[in-house]
Each structure stands twice: as C-alpha cells, then as structure tokens.
Amino acid sequence: MPNMLVVGSVAYDSVDTPSGKNDNQLGGSATYFSVASGYLTDVAVVAVVGRDFDPDDRSMLSDRGIDTSGLVQVEGDTFRWSGSYREDLNSAVTLETQLNVFADFAPELGDAHKALPFLFLANIDPTLQASVLSQMTTRPKMVACDTMNLWIDIARPALVSLVEQVDILLINEAEAMQLTEADGVASAADRLLDMGLRAVVIKRGEYGAVVFHKEFTFAVPAYPLVSVVDPTGAGDSFAGGFLGYLSSVDDTGNDAIRRAAVVGSVMASFAVESYGLDRLKSLNATEIDARFDAFVELTRFHPLGGGQGLPVKSTFNS
Ligand code: AMP
C-alpha cells in the first residue's frame, strides 16, 4: 500500500549538455520523483503516456515497487521536452515542449489513492495539480508542489491559487524570483511564505538549496561533484528525497524537514552524475548512506563551546 502520491509528467527528453547530447531519454518530473522517493517509501504515480511509451519503462518503475496503476496510456504521443544546459549547468533553456497526451489529460484518482497521507504535485500544468488535490477525500498530512517558468508565464492565476493551498513549495531560484517579482532569494521566500505556505524550498543548482520555513531557515549545499553530466531531474530527485524521507519516517516536524533537505541533496547529486535516470536508478543502500555521511561531514563544524563568543577585538564591545 503506497503512502505517497505524485502527479506530474512522464516524458521522453532530449538534452544537450557540456558532456554532449542525448535524445529520447526517459524523464519527466513524476518519473524522477518516484524513482528517488522509491528508495525510501512506497509511492504511487498519476500521469499519462502515449502509445509510443516503451513497456520496459513502465516495468522499470513497477519492478522498483512503484505503483503504476495511475499511469494511464492513451492514443497519441508521450510528453516530450528538449532542453539545453550549454550556457548554464544550473538552469535549463527549454528548446521545445510537446505536451502531447498531457494536453487533454484529466486525472482521475482511484479510491486507493484518494486518502494517501503525502502528496507531491510535481511540475505539470497547475490545473492538473489542483485537480488531483481536489480529489483527495482526506486532506494529506503534507502537500508539496513544484512548478516552472512555462506555467508562471502561461498559467499564473491557476498557479497562485494552487500555491495558496499547499504546505510546501519547491522552486528554482530564478522561478521564485519570476513568480514573486522579488530581486533576491530571501525576499522571494518572504513573499511566498506570505501566501500561506509552511515552507518554501529554493533550489539553487550547484549552490544547494535553502529551506525558508515559517519558524527557521536552513541551508544545505549541493554535493561538490567534479563532473556533472546531465542536470535534468535534479529538482525532482531533490523533491523525491525530501518527501520520500518525510513520508518514510512519518514526521513533518522541523528536525525532520532539515534532514529531509539533506536527503533531497543526496538524491539530486546522484541524478546529475549521468544522463537521465541511469545513475539514479542504479543505487544501493550503501551508496546512499555513504553520500548522506559525506553531507554530514561537508556541513559539520564545532560551535564555540561554553557560551564563548568569537574573538572579536575588545575595541568593538558595545
Ligand atoms: P528538473 O528536475 O527541474 O530538472 O525537471 C526536469 C524534468 O521536467 C524533465 O524530465 C522534463 O521532462 C520535465 N519537464 C520539462 N518541462 C515540463 C513541463 N512544462 N511540464 C512538466 N514537466 C516538464
């Protein structure tokens, strides 16, 4: 029985990165999210694919224990996205988006999915995200969502209304700024928290992520990888680690949210090591634990003991 539901895209992506091009790789926001979260929790995916969808790709998901009963297949082509990271590894330039079967998709939740305690509304048309939220018969313990510049451009009112209904928004730095018209991360976060969110997680590519919670702010670095092959899916993998951890420990408290942000960074760091899902889907528990420990080490420092302050020169005493 799953304890988390995700709605989002399942796609074939074509990417151009400084390492080279790769066409028609399996991708999509719901795909990365479910593979990343699937290491930690039982997740069910709601999405649509076309007749061209490779049965092996469905098996890859279901063989990992991901519930694909809500992954419907209809006439038409699977969603396709192509993007380039040639200019900046931290943010994709979209070259083409073909919604295809998503253009007419009206998700209908099965009864088994309507009361799941964790819900992730991965990047897709905010109207579809809202439709899934409205079909939940019990308000989940935590609802989080993601979005992107396309929807801010063409569906802003629907997106704003969605953000007002969720607990946590995960969003890229540039998109947070675009959505709020703020000129810095902290002021964008302030404006988003004012919309009623419990927390906003601002993803900053190789500079890590910052959780702006109503009660605290917590920053986590990105793992300093020497070679980033394909940044596609980093954000969704971050979200998968973040919510996968919260749902597996069934805790939405402040300490759990801090740790979840580290688990998100762990998953994102694996996602970018190869094209598409190649690395993310081939992990084992030892590798995941080792990367988590590396983050602990990366961020560990001793606070000053015994009420001591920094050795600031006495001239500056007030
Ligand atoms: P990210 O984790 O932000 O790198 O997301 C990458 C994934 O988002 C790719 O696998 C794309 O298929 C997917 N994607 C790109 N544009 C859209 C869109 N407009 N709606 C839904 N998914 C998208």
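# Close-up views of a predicted model

**View 1. Helices H6 and H7 pack against each other.** Helix H6 (residues 173-180) and helix H7 (residues 185-194) pack with their axes 9 Å apart and at an angle of about 55 degrees. That angle makes H6 oblique to H7 (angles under 35 degrees count as roughly parallel, over 145 as roughly antiparallel, 65 to 115 as roughly perpendicular and the rest as oblique). Here axes are lines fitted to C-alpha atoms, for helices over the stretch in contact, and angles run from 0 to 180 degrees between N-to-C directions. Helices (H or I, at least four residues) and strands (E, at least two) are DSSP runs, numbered from the N terminus. This is a predicted model, in which local features need pLDDT of at least 70 and side-chain atom pairs count only at pLDDT 80 or more, while totals for chains, interfaces and linings use all residues. Residues are numbered from 1 along each chain as its sequence is written, and side-chain values use heavy atoms, with hydrogens and water left out.

**View 2. The H6 and H7 contact, residue by residue.** H6 passes H7 in a left-handed crossing (left-handed if the near helix is turned anticlockwise from the far one by less than a right angle, right-handed if clockwise). From H6, Glu 173, Ala 176, Met 177, Leu 179 and Thr 180 meet Val 185, Ala 188, Arg 191 and Leu 192 of H7, where contact means heavy atoms within 4.5 Å. By class, the residues of this contact are 6 nonpolar, 1 polar and 2 charged (Ala, Val, Leu, Ile, Met, Phe, Trp, Tyr, Cys and Pro count as nonpolar, Asp, Glu, Lys and Arg as charged, and the others, Gly among them, as polar). In the loop between H6 and H7 you will find Glu 181. Glu 181 has a positive phi near 60 degrees and is not a glycine. With a relative accessible area of 64%, Glu 181 is exposed (buried means under 20% relative accessible area, exposed over 50%, partly exposed in between, with a 1.4 Å probe and protein chains only).

**View 3. An open sheet of 9 strands.** The strands follow the order S5-S4-S1-S8-S9-S10-S11-S12-S13, with mixed pairing (two strands pair if DSSP finds at least two bridges between them). Strand S5 (67-73) and strand S13 (217-220) stand at the edges with a single partner strand each, so one side of each has no neighbour in the sheet. On average, neighbouring strands of this sheet are turned by 15 degrees against each other, direction ignored. Ala 44 has Asp 67 in S5 as its bridge partner. H6 lies across strand S10 (168-172) and strand S11 (199-203), and runs at about 110 degrees to S10.

**View 4. Strand S12 and its two partners.** All of S12 (residues 209-213) is buried, 5 of the 5 residues, so the strand is largely enclosed by the rest of the structure. Ala 209, Val 211 and His 213 point one way from S12, while Val 210 and Phe 212 point the other way. S11 and S12 pair in the antiparallel sense over 5 bridges, with Val 201 opposite Val 211. Their hairpin has 5 residues between the strands, and Gly 205 takes a positive phi near 55 degrees there. S12 and S13 also pair in the antiparallel sense, over 4 bridges, and a hairpin of 3 residues joins them. Ala 209 has Val 220 in S13 as its bridge partner.

**View 5. Helices H8 and H9 cross.** Helix H8 (residues 234-249) and helix H9 (residues 254-271) have axes that come within 7 Å and cross at roughly 140 degrees. H8 and H9 are therefore oblique to each other. Their crossing is right-handed. The contact of H8 with H9 has 13 nonpolar, 4 polar and 1 charged residues. Among the H8 residues that meet H9 are Phe 238, Phe 242 and Tyr 245, and the H9 side includes Ile 257, Arg 259 and Met 267.

**View 6. Ala 144 in strand S9.** Ala 144 lies in S9 (residues 142-146). Its relative accessible area is 0%, and Ala 144 is buried. Beyond its neighbours within four places in sequence, Ala 144 is in contact with Leu 119, Phe 120, Leu 121, Ile 168, Leu 170 and Leu 243.
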